[in-house]
Amino acid sequence: MMLSSDKFTAKRSKSEPVIHSLPEGIMHDIVSRLTLKDAVRASLVSTNWRRLWTCHSNLCFDSPTILNREYGTISRRGSRRGRRRRRFIRRINAILESHSGTRLRRFDITFALDTRHTEHLDRWLKFALDSRASEIAINLHPVFYKDSVRSYEWEDTYTLPFHMFSSQGASYIESLQLTFASLKLPGDFDGPLNLRVLDLQTVHVSEGDLELLLSKCSALECLRLGRCYPLLNLKVQNPLCRLRNLSVRGCQLQVMEFSAPNLAKFEYSGQAVPITLGESMKPTEATVTLLGYDDTLEHVFTELPKTLSRVEILSVNTCINTEVVGFSNCLMKFTHLIKLEVTVSILGDSRIRNGILRIVSLLEVAPLLQRLELNMLPHVSVGVSNEPEAYWHFQPCAHRHLEQFEVSGFIGLRGQLEVVLCILDNAVALRRMSIEPRVTAYDRVFGHWAGFEHNIGKGRACALAFFSPEDYPGVQIEIF
């Protein structure tokens with residue numbers, strides 16, 4: 001039956017505004033799932049949507065969003081960079097003037113600004129606090145080019161105005177991320193803050209200010225510190241009872257003391273220093289990278305278990321010297337460790353095997369270990385073994401839990417061969433072993449270094465000669 005034109009027009013007029021008749025809360029939820037740029041574009045679709053973007057809950061300002069350019073396309077001429085900064089600032093000011101200041105969840109600035117732009121940064125941060133943003137991220141890292149001189153003074157960095165955090169809006173902040181800035185607390189700062197996540201990367205902050213800040217963050221669940229300066233002694237006296245994740249990377253610490261009874265995940269990258277994390281700490285996962293080129297294997301076997309005795313999954317990056325003999329302190333035990341990844345940089349004379357053979361002590365240190373991944377990074381003159389030798393001062397003992405053993409960076413050094421043979425002979429529950437002559441782990445000296453094909457070939461030939469499946473019938477052996 002044919003519809004009349006009047007009925008057709010009436011039906012069409014009723015069907016058109018369906019999306020416009022959605023509740024305001026649903027419309028704001030839809031727009032909040034778009035990027036700010038897409039939300040502004042969507043406002044052109046209908047006059048009813050013209051102001052929807054002004055309630056966008058995620059204000060993320062960076063070069064691609066505001067200037068339609070990646071950093072890689074920026075001209076190196078200072079005058080052009082200055083014009084781009086001024087244009088970036090003008091556009092953010094215009095957006096914030098039009099924004100309603102309500103429903104704000106995340107406020108993010110990623111651009112190379114410094115102390116010269118303090119007035120604008122302070123005003124933007126005040127807007128975020130007044131709008132009760134729950135997540136604030138400020139990344140002011142400068143742009144360095146391949147042919148530029150990388151010099152930057154801390155005096156040039158923007159200082160976060162922490163006096164603003166005494167306002168009521170500060171109590172709504174749950175996550176604070178700060179990159180390439182300075183942090184200085186006022187003498188009368190009394191908090192408290194409801195932060196759950198605190199992330200400070202390349203931040204100038206004193207030991208006293210950081211300790212004071214953490215003492216006001218009783219709800220803190222995640223703390224990340226990276227290349228913060230001039231931190232030397234990181235001591236937090238007040239217990240952080242809700243802290244679950246702790247990451248400290250690249251800080252030049254000499255002492256580290258925390259009280260975090262419920263810590264579950266720990267990450268550390270730095271010099272081998274004393275670390276205390278509280279008596280009742282029970283982390284189940286940890287990653288430790290010991291920087292420098294001194295032999296730090298003893299620190300791994302004698303000091304880390306004091307802090308991480310109950311860890312179940314552990315990844316360690318350490319360095320050994322072939323000329324170091326034995327341990328000067330008693331070995332401690334990882335009583336709950338079941339999975340271990342060890343990345344070892346091997347330095348010294350390849351003809352000396354004592355330093356490498358100390359790796360075998362992990363069978364004693366981790367009695368419940370089930371899976372072992374040993375990544376070796378040899379930085380020695382290549383010497384290929386022709387026949388196995390007696391074990392180095394290691395009392396054979398049956399390890400009854402190790403089932404899987406993976407080796408990479410095996411180029412046939414005599415010490416490497418002895419380590420693998422010793423583990424093969426003592427791991428009575430071993431079911432699978434793989435040998436990879438290539439270096440698969442990240443090398444902090446050369447990056448991802450695969451070694452010379454000559455060394456890889458010699459390593460494979462050595463493995464085929466000494467790790468015969470006939471000699472170990474219960475073990476599945478793979479040689480790549």
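View 1. The buried residues of α7 sit against β5 (175-184), β6 (197-204), β7 (222-226) and β8 (233-235), where contact means heavy atoms within 4.5 Å. Helices (H or I, at least four residues) and strands (E, at least two) are DSSP runs, numbered from the N terminus. In α7 (residues 207-215), the buried ones are Asp 209, Leu 210, Leu 213 and Leu 214. They span an arc of only 130° around the axis, so they end up on the same side of α7; the arc is that of the directions from the helix axis to the C-beta atoms. Buried here is under 20% relative accessible area, exposed is over 50%, and partly exposed is in between (1.4 Å probe, protein chains only).

This is a predicted model: local features need pLDDT of at least 70, side-chain atom pairs count only at pLDDT 80 or more, and totals for chains, interfaces and linings use all residues. Residues are numbered from 1 along each chain as its sequence is written, and side-chain values use heavy atoms, with hydrogens and water left out.

**View 2. Phe 88 and Phe 111 form a stacked pair.** Their ring centres are 3.9 Å apart and their planes at 10°, so they count as stacked. Phe 88 belongs to helix α5 (residues 78-98), while Phe 111 is in the loop between β2 (106-110) and α6 (118-130), 23 residues apart. Both Phe 88 and Phe 111 are buried. Rings of Phe, Tyr and Trp (its six-membered ring) pair if their centres lie within 6.5 Å; planes under 30 degrees apart are stacked, over 60 edge-to-face, the rest tilted.

**View 3. Cys 228 is in no disulfide.** The nearest cysteine sulfur, that of Cys 251, is 4.7 Å away, whereas a disulfide takes a pair of cysteine sulfur atoms within 2.5 Å. Cys 228 is buried at 3% relative accessibility.
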